[in-house]
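Load the model in your viewer and keep the selection tool ready. Each stop below names a selection, then tells you what is there.

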Amino acid sequence: MSTTTPGTSLQLVELTKTYAGRPVLSAIDLAVDGGHFVAIVGRSGCGKSTLLRLLSGLEAPCDGGVLVNGEPLRSVNLHARIMFQDGRLLPWKSVLDNVGLGLRGDWRSRGLEVLRHVGLHERAGDWIARLSGGQRQRVALAKALITQPRLMLLDEPLGALDALTRIEMQQLIENLWLEEGFTSILVTHDVEEAVTLADRILVLEEGRIARDFRNDLQRPRRRGDPGFSQLTAEILDTILTQGGQGSAPQKTADHATEAVTPEHGHSPRPTGQPAGARGSERSDSPPIGEPSGALTAQLQ
Amino acid sequence: MARFQPFQLNPRLKRSLIPWLVPLLLLVLWQLLASRGVIPTRILPAPSAIALAAINMGRSGELWGHLSISAGRAGVGFLIGASLGLLFGLINGLMPRAELLLDSSFQMLRNIPPLAMIPLVILWFGIGEEARVFLVSVGVFFPVYLNTFHGIRSIDPGLIEMGKVYGLSPWQIVTNIVLPGATPSILVGVRFSLGIAWIILIVGEQIAANSGIGYMAMNAREFMQTDIIVFSIILYALLGKLSDSMARGLEHRLLPWHPNFQRTAKAVPSKPAIS
């Protein structure tokens, strides 16, 4: 961890949001320690994006609240940087000017440095329209990173990218997180992505936290590893069975049946404990003879 | 030396020549018909006669006088109308309360053709400069207003939200996000209103004026100078084309980021010269 300031800690106290009488989030209690990487997964419409918008201060809760480093959040959360799915870059500004949007003083050299970090410093002068989808998300990442945020809110940032670019970007995000030590909240519908990146995975179901998985797998994580597949299957199964009462989902994952029991290794825990191994040594056990863990974890 | 290659033109030159092919053919046809007496001079003089009239008027300085007066009127009227249109477009686009107050009034006024106001305008201003400048301003106002308003309102709200999250002040959001985002639409309004400015000016000058190209044409009618009349009409066409080109130039200048205006020259490599 190169930076001295720790990541922002978050505390959600009975956080409630209703839209037109319909509850989207009902009394969510959650504590996230500084520097943790938390993923929020769930079906579409489960309230995960709303949760992120409340954390960013773009929307106000109907009841309860958010404590940021112990201070109640009242307006836009300036500790936080959001990375949106669509990047939200300004097409009339160059790549570098997008990165430095709203900054004062001499930020250009820092902007170039951040762009070098995401591998795009050679495109600093280009217009956004010239970049591919993956490159745009890299710019969005650089733009979020330039202020050295202590809290990164990732709203399905890789949802619109192709599979290969997505894996590349996941590695980039993981490395940046390891270097910078910011707190990350990732909203995604891709369970594999959550397992790859997060050390804590929350399953959101109808506005409540249905399960709280801890993920102590060694980084960097590999999709084929048995632990990885098992956790993915378990999370996926939680989501599918809980949605099952209402709308009878199709069973997409057959091998998820072996991981139904809740006491299967990972128990839900109420508050964030310090995550285990965050070392960057390469895991030295390649998957041999394991069923490929490449089950499609797309839930939409 | 090169072989004789009759139509091996530079592709760029070719592209800029092709649009003139049809007008040129028509001109030749017209000249032929007129010089053989198929079209009487009273109805339509030959292009050569019109060119001659143009040269004479240019020499005597009469042409430049009328031309600069007309251009001045169009320019001043456009500046006033477009500035007001931009101003109210911005105000109403950015402030829903102002929109509530003003927009329906503008929509009512918009449906009055500016030319229908000529009798009233003459009573107000006489046939002085103010009358024509006023008419042009009114005509120019609405396209600029509507397009500015529309441009602001159709900005992706996600971008504005992004600006808020990144800690931009309301003023920074306007200058960094709203205005540049509305510029393409504003320029459409400008281009549209330039055309309207000329149309209104033509009619205005023909009805109540003692100078300008419209007056030049009406005056020529008194003396049955069809060549000058036709020349004035051609002048309007050329001036309209000129102002449109200027508006396009403005688009290229102000929207270098827009995919529609990015230089395509690199995409079309010119053929290497064969020697």
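**Before you start**

This is a predicted model: local features need pLDDT of at least 70, side-chain atom pairs count only at pLDDT 80 or more, and totals for chains, interfaces and linings use all residues. Residues are numbered from 1 along each chain as its sequence is written, while chains are lettered from A and ligands numbered from 1 in the order in which they are written.

**Stop 1: chain B**

Select chain B and colour by secondary structure. Helices here are DSSP runs of H or I with at least four residues, strands are runs of E with at least two, and both are numbered from the N terminus.

Now look at the overall dimensions. Along the principal axes, the C-alpha atoms of chain B fill a box of roughly 75 × 70 × 30 Å. The radius of gyration of chain B is 24 Å, whereas a compact globule of 275 residues would have one near 19 Å. That radius is taken over C-alpha atoms, and the globule rule is 2.2 Å times the number of residues to the power 0.38.

How much of chain B is buried? Of its 275 residues, 30% count as buried. A residue is buried if 20 or more other C-beta atoms lie within 10 Å of its own, exposed if 12 or fewer, and partly exposed in between; the C-beta atoms are placed from the backbone.

Two residues are in contact if their C-beta atoms, placed from the backbone, lie within 7 Å. Among the contacts in chain B with a separation of 6 or more, 73% join residues 24 or more positions apart.

**Stop 2: where B touches A**

Select the residues of chain B that contact chain A. There are 15 of them, and they meet 15 residues of chain A. Two elements give two or more residues to this side of chain B: α8 (157–165) and α9 (170–207) of chain B. α8(B) gives the most, with six residues. By type, this side of chain B divides into nine nonpolar, four polar and two charged residues. Nonpolar means Ala, Val, Leu, Ile, Met, Phe, Trp, Tyr, Cys or Pro; charged means Asp, Glu, Lys or Arg; the others, Gly among them, are polar.

**Stop 3: the nonpolar core**

A nonpolar core is a set of buried Ala, Val, Leu, Ile, Met, Phe, Trp, Tyr and Cys residues joined through C-beta atoms within 7 Å. Select A:I40, A:A142 and B:A197: of the 109 residues in the largest core, these touch the most other members. α9(B) supplies the largest share of this core, 14 residues. At least three residues come from each of domain 1 (8–79 + 151–300) and domain 2 (90–148) of chain A. Those bounds come from an automatic or database domain assignment.

Zoom in on B:A197. Leaving aside neighbours within four places in sequence, B:A197 is in contact with B:A74, B:G77, B:F78, B:V136, B:G139 and B:V140. Another core, of ten residues, lies apart from the largest one; B:I50, B:M57, B:I213 and B:I228 are among its members.

**Stop 4: the two domains of chain A**

Colour chain A by domain. Ten residues of domain 1 of chain A are in contact with seven residues of domain 2 of chain A. On the domain 1 side, α5(A) provides the largest share, five residues. That side divides into eight nonpolar, one polar and one charged residue.

Stay on helix α5 (residues 163–180) of chain A and pick A:L178. A:L178 counts as partly exposed because it has 16 C-beta neighbours inside 10 Å.

**Stop 5**

Show the open sheet of four strands in chain A, with order β2-β1-β4-β5 and antiparallel pairing. Strands pair if DSSP finds at least two bridges between them. β2 and β5 (71–72) of chain A stand at the edges with a single partner strand each, so one side of each is left without a neighbour in the sheet.

Seven bridges join β1 (residues 10–19) to β2 (residues 22–32) of chain A. A:Y19 has A:R22 as its bridge partner in β2(A). In this hairpin, with two residues between the strands, A:A20 takes a positive phi near 50°.

**Stop 6: a covered helix**

Finish at helix α1 (residues 48–56) of chain A, where seven of the nine residues are buried. Among them are A:L51, A:L52, A:L54 and A:L55. Next comes A:G57, with a positive phi near 80°.
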